[in-house]
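Welcome, and thanks for taking a look at this model. Please keep the viewer open while you read, and follow the side-chain contacts along with the text.

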Amino acid sequence: MINLSRVITDPRIAQKKPFTVYRKSGDWNGARWEETENSIQMKGIITPASAKDLTQVPEGDRTGGEISVFSLEPIYETHADITDNNSPGTSDEVEWNGERYRVFNVFPYSDFGFYHAICIRQISE
């Protein structure tokens, strides 16, 4: 298999500075869920999502500020199991150009050295 990880961090196409991924996790404390948010700096490529990206996901008919994120590190959508030493948590959020985007689908191409996530812009309240 071809390892594409060098392409993801190539300075000619990757983001010039790291972007921030906010990962929420938590645990039950008695009858109460206590959530924590950690920020993680990642390097990779962020582009507007294309029509092809959106047809790969059931929510493909959505429009409104979707982005594609390519990273060497795992990016998570809502998960209930414990993976990679992470506790259960909600979808990661990516901060890009001053806005937060919530991950709603992940394509784990780890065999090729990277992860691909489709994210949708969060509406500010």
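## Glutamate 99 and its partner

Glutamate 99 has a relative accessible area of 34%, so this residue counts as partly exposed. Before going further, please note that the model is a predicted one. Glutamate 99 makes a salt bridge to arginine 121, and their closest N and O atoms are 3.8 Å apart.

## A network of charges

How many salt bridges does the count come to? The count comes to eight. Among them is the contact between glutamate 37 and arginine 100, where the closest N and O atoms are 3.1 Å apart.

Another salt bridge brings together the side chains of glutamate 93 and arginine 102, at 3.3 Å from N to O. Is glutamate 93 buried or exposed? Its relative accessibility is 7%, so glutamate 93 counts as buried. Arginine 102 reaches 25% and therefore counts as partly exposed. Through shared partners, salt bridges join Lys24, Glu37, Glu93, Arg100 and Arg102 into one network.

## A charge over a ring

Which ring does arginine 100 lie over? Arginine 100 lies over the face of tyrosine 22, at 3.6 Å from the ring centre. This is the arginine that also forms a salt bridge with glutamate 37.

## The hairpin of S1 and S2

Strand S1 (residues 19-29) pairs with strand S2 (residues 32-42) in the antiparallel sense, and 11 bridges run between the two. For one of the residue pairs, look at aspartate 27, whose bridge partner in S2 is glutamate 34. Two residues lie between the strands of this hairpin, and glycine 30 takes a positive phi near 70 degrees there. As a reminder for viewing strands, side chains in a regular strand alternate between the two faces of the sheet.

## The aromatic cluster

The structure holds four aromatic pairs. In one of them, the ring centres of phenylalanine 107 and tyrosine 109 are 6.2 Å apart and the planes meet at 10 degrees; because planes under 30 degrees apart count as stacked, this pair is stacked. Tyrosine 109 also pairs with phenylalanine 114, and here the arrangement is tilted, with 5.3 Å centre to centre and 50 degrees between the planes.

How do these residues stand in terms of accessibility? Phenylalanine 107 counts as buried because its relative accessibility is 13%, and phenylalanine 114 counts as buried because its value is 9%. Tyrosine 109, with 30% relative accessibility, counts as partly exposed. Taken together, ring pairs link Phe70, Phe107, Tyr109 and Phe114 into a cluster.

How values were computed: Residues numbered from 1 in each chain as written. Predicted model: local features only at pLDDT ≥ 70, side-chain atom pairs only at ≥ 80, totals over all residues. Heavy atoms only, no water. Phe/Tyr/Trp six-rings, centres within 6.5 Å; stacked < 30°, edge-to-face > 60°. Buried < 20%, exposed > 50% of the residue type's maximum accessible area, 1.4 Å probe, protein only. Lys NZ or Arg CZ within 6 Å of the ring centre and 35° of its normal. Pairing = 2+ DSSP bridges. Helix = DSSP H or I, 4+ residues; strand = E, 2+ residues; numbered from the N terminus. Salt bridge = Lys/Arg side-chain N within 4 Å of Asp/Glu carboxyl O.
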